[in-house]
Amino acid sequence: MTVEERLAEVRRKMAEAEHNAGRDNGSAMLVAVSKTFDADAIRPVIACGQRVFGENRVQESEAKWPGLKAETDGIELHLIGPLQSNKAANAVALFDVIETIDREKIARAVAAEMKQQGRSPRLYVQVNIGMEPQKAGIEPKATVDFVRFCRSELDLPVEGLMCIPPAEQNPGPYFALLAKLAEECGLAKLSMGMSGDYETAIAFGATSVRVGSAIFGAR
Ligand SMILES: *Cc1c(COP(=O)(O)O)cnc(C)c1O
């Protein structure tokens with residue numbers, strides 16, 4: 001299959017999952033994860049009308065996205081990988097959405113940069129939903145307090161929660177837990193679901209899914 005066909009297939013399956021869940025068509029947004037793929041591989045996907053993309057590294061994104069953004073109006077770029085404080089300035093300058101706010105230090109660094117640059121990327125708090133030691137994210141039980149801190153102490157525009165459930169397990173209960181936490185936080189947006197489980201995530205209320213290999217091919 002070509003990249004155009006794979007993208008169309010993902011969009012079709014998303015629409016089907018929305019329909020099966022009794023949700024409005026288009027209520028789940030596709031974030032096409034283009035990490036490791038270069039500008040030449042991304043252009044055909046942009047040509048199909050896709051405008052929202054996800055990347056996991058700040059430096060890699062700086063090498064390809066300023067050029068691609070200059071070529072096309074309406075690109076929305078999401079940072080979905082871990083952010084270090086020393087990259088906060090670059091991340092705030094380039095990304096439209098940062099999905100990986102997960103600790104006080106990075107929240108403070110991003111808040112300071114937003115003030116400094118006069119830019120306000122929208123933000124998600126990443127939750128370590130399976131409490132896995134190797135994964136980033138705030139613990140589920142600390143999430144409500146952390147979101148409150150980000151919003152009221154730092155005035156950050158947090159709009160949702162993001163998670164990556166443990167591999168090799170039924171993701172449903174983890175998606176359900178993220179949805180419950182978002183509700184407790186009063187947040188409307190849920191970034192969950194990847195190539196292997198985006199249809200399940202839509203059934204559990206994902207408002208955006210982050211799909212890479214199902215569109216671009218294996219990395
Ligand atoms: C790479 C990545 C994705 C996409 O993964 P695929 O399995 O290729 O769809 C989604 N979310 C995050 C945080 C990632 O790092």
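1. An oxygen atom of the ligand is 2.7 Å from an N or O atom in the side chain of Arg-219, and the side chain of Ser-195 has an N or O atom 2.5 Å from a ligand oxygen. For Ser-213, a polar backbone atom is 2.8 Å from an oxygen atom of the ligand. A polar contact here is a pair of N or O atoms within 3.5 Å.

2. How much of the ligand does the protein bury? Taken alone, the ligand exposes 390 Å², and the protein buries 90% of that (Shrake-Rupley method, 1.4 Å probe).

3. This is a predicted model, where local features need pLDDT of at least 70 and side-chain atom pairs count only at pLDDT 80 or more, while totals for chains, interfaces and linings use all residues. Residues are numbered from 1 along each chain as its sequence is written, and side-chain values use heavy atoms, leaving out hydrogens and water.

4. The residues surrounding the ligand (a heavy atom within 4 Å) include Val-33, Lys-35, Ile-80, Met-162 and Arg-210. By class, this shell has six nonpolar, three polar (Gly counts here) and three charged residues.

5. The ligand sits in the largest pocket, with more than half of its atoms within 2 Å of the grid points. A pocket is an open set of points on a 1 Å grid over the protein atoms alone, where a 1.4 Å probe fits, with protein on both sides within 12 Å along at least five of seven lines; lining residues have an atom within 4 Å of a point.

6. The largest pocket has 26 lining residues, and Lys-35, Asn-56, Ile-80, Gly-81 and Pro-82 lie nearest its centre. Helix 3 gives the most to this lining, with three residues (helices are DSSP runs of H or I, at least four residues).

Key. A polar contact is a pair of N or O atoms within 3.5 Å; within protein, one must be able to donate a hydrogen and the other to accept it, and residues adjacent in sequence count only if both atoms are side-chain atoms. Helices (H or I, at least four residues) and strands (E, at least two) are DSSP runs, numbered from the N terminus.
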